[in-house]
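Subject: Structure for your review

Hello,

Here is the structure you are taking over. My notes on what was found in it follow below.

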Amino acid sequence: MPHPPIGAIDCDIHPAVPNLKALLPYLDDHWRDMVVQRGVHELDSISYPKNAPVTARPDWKPELGKAGQDLGRLQKEALDGFQTKFAICNCLYGVQLLYTEDMAYAFARAVNDWMVSEWLDKDERLRASIVVPPQNPDYAAAEIERMSNDRRFVQVLMLVMDEMPLGRRRYWPIYRAAERCGLPIGIHAGSAYRHPVTSVGWPTYYAEDSAAQSQAFQTTLTSLITEGVFAEFPDLKVVFLESGFAWLPSHLWRLGKFWRGLRMETPWVDRHPLEIAKDHLRLTIQPSDAPPKPEDLEKLINHFDSDEMLLFSSDYPHWHYEGTNAIPNGISEALTNKMCYDNPLKTYPRLKEAVT
Amino acid sequence: MAKHIAAKVMDIPPGERLSVEVQGRKIVIFNVAGEYFGLRDACPHMGGLLSEGVVIGLVEADRPGCYSYSRGGEIVRCPWHGWEFDLRTGKSRFDPNRWKTHSYDIEVGDVQQLEVETVDVTTEGEFVIVNL
């Protein structure tokens with residue numbers, strides 16, 4: 001695998017909240033005390049268990065603590081390592097798992113303020129996604145409004161598996177706020193664990209959980225299209241993060257087939273789902289579920305019928321490749337340049353702004 | 001475009017359809033409240049007989065959830081895979097310019113108005129006439 005060209009835009013890296021204590025200064029007085037009094041533990045999710053190989057590449061893993069929690073190492077390993085111009089921080093902390101929407105809102109605000117002080121203010125190459133509480137879309141919209149004034153926030157972050165499929169109108173206040181602020185919705189692998197991670201029930205092994213993520217992305221894309229999110233919010237872009245991308249054409253062929261026969265159910269779906277995806281959906285490249293032969297990857301990507309959908313991501317510090325070879329073999333130089341520069345700049349217009 | 005007698009009016013009451021063969025072509029004629037529409041009786045997808053499809057109205061939406069329903073009985077759905085075709089144009093709803101079935105002009109007239117060679121002419125009543 002080749003390494004990305006100099007000055008690429010890395011659309012998915014993961015600074016880690018070291019522990020709940022680190023967020024306490026960013027909670028307001030009420031919640032800081034409640035967290036202590038109520039004995040709230042770490043909001044770690046089982047999405048990335050500490051010892052799972054994917055959670056941290058061995059050479060990026062610290063002896064103590066979590067991979068991605070140390071600014072110096074992230075600067076050296078992710079930013080200098082890949083020679084990126086910008087990297088978008090997607091903080092995976094268990095805000096979405098909480099059952100109390102008020103506490104989730106408090107933690108979302110804390111994570112975002114922590115992101116500003118501990119990361120964005122310390123390296124001008126960093127950008128970030130706004131963590132929101134999907135438990136309460138009105139709170140989420142308010143948090144988008146609050147944080148969007150800081151132009152270093154370039155996206156809104158959600159998890160692919162929430163209470164219900166993300167196209168449902170319940171979530172629309174989030175999309176309305178994001179569209180109004182010119183922010184794409186980043187949908188990351190992971191679950192709020194309201195339901196089994198596969199549609200046929202709980203799996204036994206971690207590999208099953210990982211493989212099932214792409215099913216969740218397929219269903220989520222279907223939901224966004226059929227529920228009419230892109231008809232209601234024509235300027236909205238959605239970015240799938242850690243979704244894989246090889247599944248996209250065949251899934252949309254299948255959806256398109258059913259849509260042709262059942263168009264009357266969803267008359268707002270006014271063109272083939274692949275055409276809608278080309279306009280509204282972007283996908284990051286790591287982890288790549290690429291076929292073994294590089295020439296087959298090129299053929300597969302040709303089925304997208306678009307060179308604008310893929311975005312470069314290192315997915316630091318998750319383990320999918322060695323060294324800085326984050327570009328899968330079989331992607332042409334022209335497409336590599338598109339996904340490292342042009343496509344991210346188009347997807348995240350705020351990256352084009354000078355931030356003072 | 002020659003005119004051909006296809007059927008008797010009484011054979012296709014309002015809301016009904018009739019499959020006929022004219023010059024070796026299978027054509028389905030629909031009567032929608034007294035208006036007649038003719039389509040090639042084969043879905044362009046895989047050849048399902050449109051004469052066996054259900055007719056519905058046109059379902060549209062300006063926005064998700066804001067349905068409008070009009071033109072009752074003017075859309076036929078192929079019995080095989082549910083593709084919708086507009087009886088007035090033969091065009092599919094999902095991709096009107098690419099997917100369509102041939103549509104024929106249908107007229108109702110007396111046989112005396114025909115200037116075509118006809119055989120088996122019945123001079124009683126009114127006839128349904130197809131332009132090919």
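Beyond its neighbours within four places in sequence, A:Ala178 has contacts with A:Ile144, A:Val156, A:Leu183, A:Ile185 and A:Leu236. Please keep in mind that this is a predicted model.

A:Ala178 is also one of the residues with the most contacts inside the largest nonpolar core, which has 106 residues. A:Ile144 and A:Val156 are in that group too, as are A:Phe107, A:Val111, A:Val132 and A:Ile174. The element that gives the most to this core is helix H4 of chain A (residues 101-118), with ten residues. Another core, of 25 residues, lies apart from it and includes B:Ala6, B:Val28, B:Val76 and B:Val128.

Next, the contact between the chains. On the chain A side eleven residues take part, and they are in contact with 13 residues of chain B. H9(A) has the largest share, three residues. By type, the chain A side consists of five nonpolar, two polar and four charged residues.

Chain B also holds an open sheet of four strands, in the order E2-E3-E4-E8, with antiparallel pairing. Its edge strands are E2 (17-22) and E8 (103-104), each of which pairs on one side only. Between E2(B) and strand E3 of chain B (residues 25-32) there are six bridges, again in the antiparallel sense. Within E3(B), B:Arg25 is the residue that stands opposite B:Val22.

Regards

Conventions
Residues numbered from 1 in each chain as written. Chains lettered and ligands numbered in written order. Predicted model: local features only at pLDDT ≥ 70, side-chain atom pairs only at ≥ 80, totals over all residues. Contact = placed C-beta atoms within 7 Å. Helix = DSSP H or I, 4+ residues; strand = E, 2+ residues; numbered from the N terminus. Nonpolar A, V, L, I, M, F, W, Y, C, P; charged D, E, K, R; others polar. Pairing = 2+ DSSP bridges. Core = buried A, V, L, I, M, F, W, Y, C linked by C-beta atoms within 7 Å. Buried ≥ 20, exposed ≤ 12 C-beta atoms within 10 Å, placed from the backbone.
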